[in-house]
Amino acid sequence: MKTRNVIALLIVLPCLASGALVPVSAADDDADTANQNWHDLHQEVKAGHLVPMTAIMDWLEARFEGQILEVELEQDHGHGSIEYEVEMIGPQGQVVEFEFDATTGELLSIEGVNIEAMKKTP
């Protein structure tokens, strides 16, 4: 198994209209509820409904230099899509955000400064 330098990994599960995952609230400090949320997320990945975060990290590691600062799992309530938002810091200190469709793993967008300097050469 690969070892990665992950500065912080934050998974945020907003309320999902489908009810497939139990929402996590910032005010919810109950450990049992938090454990249930992680269990539900794991089940969604295991059932093939969500791409594993390791697949997203492998994709990024193969194509970009940098370290992951933060990961969020969010639902776009307007479209009903679920997305991973991954924030990376590049070798020159640039911060770049990548958005992926969590159900397919497709890269949706990249935002940031000096993105080209983070790209690995093939």
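**A walk through a four-stranded sheet and its helix**

The chain has two helices and four strands, where helices (H or I, at least four residues) and strands (E, at least two) are DSSP runs numbered from the N terminus. Read along the sequence, the elements follow the pattern α-α-β-β-β-β. Before we go on, please keep in mind that this is a predicted model, in which local features need pLDDT of at least 70, side-chain atom pairs count only at pLDDT 80 or more, and totals for chains, interfaces and linings use all residues. Residues are numbered from 1 along each chain as its sequence is written, and side-chain values use heavy atoms, with hydrogens and water left out.

The four strands form an open sheet in the order 1-2-3-4, with antiparallel pairing; two strands pair if DSSP finds at least two bridges between them. At the edges sit strand 1 (67-76) and strand 4 (107-112), each of which pairs on one side only. From one strand to the next, the twist averages 20°, an angle taken on a scale from 0 to 180 degrees between N-to-C directions, with axes as lines fitted to C-alpha atoms and, for helices, over the stretch in contact.

Strand 1 and strand 2 are antiparallel and share nine bridges. The hairpin they form has four residues between the strands, and G80 in its turn has a positive phi of about 75°.

Next, seven bridges join strand 2 (residues 81-89) to strand 3 (residues 95-101), again antiparallel. Along this pair, V86 stands opposite F98 in strand 3, M88 faces V96, and E85 has E99 as its bridge partner. Five residues lie between the strands of this hairpin, where G93 takes a positive phi near 85°.

Strand 3 then pairs with strand 4 in the antiparallel sense over five bridges. F98 has I110 in strand 4 as its bridge partner. This hairpin also has five residues between its strands, and G105 in the turn shows a positive phi of about 85°.

What packs on the sheet? Helix 2 (residues 53-63) does, touching strand 1, strand 2, strand 3 and strand 4, and its direction makes about 45° with that of strand 2. Contact here means heavy atoms within 4.5 Å.

The largest nonpolar core has 21 residues, and the members that touch the most others are I56, L60, Y84, V86, M88 and F98. Such a core is a set of buried Ala, Val, Leu, Ile, Met, Phe, Trp, Tyr and Cys residues joined through side-chain atoms within 4.5 Å. Helix 2, strand 1, strand 2 and strand 3 each supply at least two residues of the core. For a closer look, pick M88: setting aside residues up to four places away in sequence, its contacts include L60, F64, I68, L69, V95, V96, F98 and M118.

How much of the chain is buried? Buried residues make up 30% of its 122 residues, with buried meaning under 20% relative accessible area, exposed over 50%, and partly exposed in between (1.4 Å probe, protein chains only). Strand 3 is mostly covered, as five of its seven residues are buried. Contacts across the sequence can be counted too: among those between residues at least 6 apart, 47% join residues at least 24 apart.

E99 lies in strand 3; it is buried yet has no salt bridge, and the nearest side chain of opposite charge, K119, is 17 Å away. For charge, Lys and Arg count as positive and Asp and Glu as negative, while His and the chain ends are not counted. Leaving aside neighbours within four places in sequence, E99 touches E83, Y84, E85, E106, L107, L108 and S109.

The structure holds one salt bridge, meaning a side-chain nitrogen of Lys or Arg within 4 Å of a carboxyl oxygen of Asp or Glu. In that bridge, the side chains of E116 and K119 meet at 3.0 Å, N to O. E116 counts as exposed because its relative accessibility is 57%, whereas K119, with a relative accessible area of 40%, is partly exposed.
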